[in-house]
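Keep the viewer open as you read.

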Amino acid sequence: MKFYSTNEICKLCGVSRKQLRYYEEQGILSTVPRQDENNYRYYTYEHIYEIVAAKGLKNIDMSLAKMKDVIYGKDIESIHQSLQEQLGAAQENLEISLDRYKQSVLVYSKLAEALSLLKLHRVLGEEERPETEIVNCEARDVISLPYAATFEDEEYYDVEYLARIQTLAQEVDTLSFDELIYMTYGHFDSEQCSFNGEIHDFKIAVPVLDQRKPCRHYDRIPAFRGVSIIHIGDPKEERLYQTYMKLLHWAHAQGYELENWSVEEWLISPMITNNKDLWVIRIMIPLKEK
């Protein structure tokens, strides 16, 4: 029987010494004997079989535990079961990846739209830029955190909760780490086209792909038909307030009856850039159902 040194087996099988030791420590390799005179390891053709099998199974993302079941499977049924379980896991991962790809396309299309709006804003200027429109918003699953503040939020609770929602988003399956949504409740009177300046509720939210991972902050934004306007730049110092007022007065002039809550979808958010001049927010206020 031919024997192979550590260097020979690594070169032959295309593995590093570290990887070879790892396979041995995890029980992927059968017992590796040592030479009596120098205590060096020596490998046989059986170890080559085991390394080749391990590398092949690693290519299909099989876990070490499953590898051992397959490599040292004593009967056809146990090997078949392990392979079926791996196939099921691979299919599930593929479906998740496909969903993420589809959602990534949506996210990037929104980002492309925001960049186009920025270019249009620079070409036409504030006064000539198209302002308002009617939109149909689909229902969205999100994680959200509630807080209360005035509309201007002089204490900057929105920034504090931005950091909190970003941390929370890392624990669940979000569509994209750079998507951001704020919801406002009761801050404005749509009939009077006015704000009362008092403390009311906010929610900060991030869309999620699914609810597989446990989290007590899952929420849902309902589908609605509403009016919309784009805000570009820093929302503070009444800039966002002025944009809201444009939308409220336009909707009132058109005879639309609105709810007193809103959704602010950030197309370019602080999660992408801290250049406030590049922030783009789509404000949406639902129409009252008749």
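Start at Lys-236 in this predicted model. Its charged end sits over the ring of Tyr-156, 4.5 Å from the ring centre. Arg-164 makes a contact of this kind with Tyr-161. Here the charged end lies 4.7 Å from the centre of the ring.

Now look across the whole structure for ring pairs. A search finds 15 aromatic pairs. Take Phe-3 and Tyr-42. Phe-3 belongs to the segment before helix 1 (6–13). Tyr-42 belongs to the loop between helix 2 (17–25) and helix 3. The two residues are 39 apart in sequence, so the pair ties together separate parts of the chain. Phe-3 itself is partly exposed, at a relative accessible area of 44%.

Tyr-147 and Tyr-161 pair in another geometry. Tyr-147 sits in strand 2 (residues 140–149), while Tyr-161 sits in helix 6 (residues 157–169). The pair links distant parts of the chain, 14 residues apart. Are these tyrosines buried or exposed? Tyr-147 has 7% relative accessibility, and Tyr-161 has 16%. Buried means under 20%, so Tyr-147 and Tyr-161 both count as buried.

Phe-151, Phe-188, Phe-195, Tyr-241 and Tyr-244 form one aromatic cluster. Tyr-244 leads on to helix 7, where it is one of the buried residues.

Helix 7 covers residues 239–253, 15 residues in total. From first C-alpha to last it reaches 22 Å, close to the 21 Å expected at 1.5 Å a residue. Its buried residues are Leu-240, Thr-243, Tyr-244, Met-245, Leu-247, Leu-248 and Ala-251. An α-helix has 3.6 residues a turn, so residues three or four places apart point the same way. After helix 7 comes Gly-255, with a positive phi near 85 degrees.

Finish at helix 3 (residues 45–58). Its 14 residues should span 20 Å at 1.5 Å a residue, and its end C-alpha atoms are 20 Å apart, which agrees. The buried residues here are His-47, Ile-48, Glu-50, Ile-51, Ala-54 and Leu-57.

Note on methods:
Residues numbered from 1 in each chain as written. Predicted model: local features only at pLDDT ≥ 70, side-chain atom pairs only at ≥ 80, totals over all residues. Heavy atoms only, no water. Helix = DSSP H or I, 4+ residues; strand = E, 2+ residues; numbered from the N terminus. Expected span 1.5 Å × (residues − 1). Buried < 20%, exposed > 50% of the residue type's maximum accessible area, 1.4 Å probe, protein only. Phe/Tyr/Trp six-rings, centres within 6.5 Å; stacked < 30°, edge-to-face > 60°. Lys NZ or Arg CZ within 6 Å of the ring centre and 35° of its normal.
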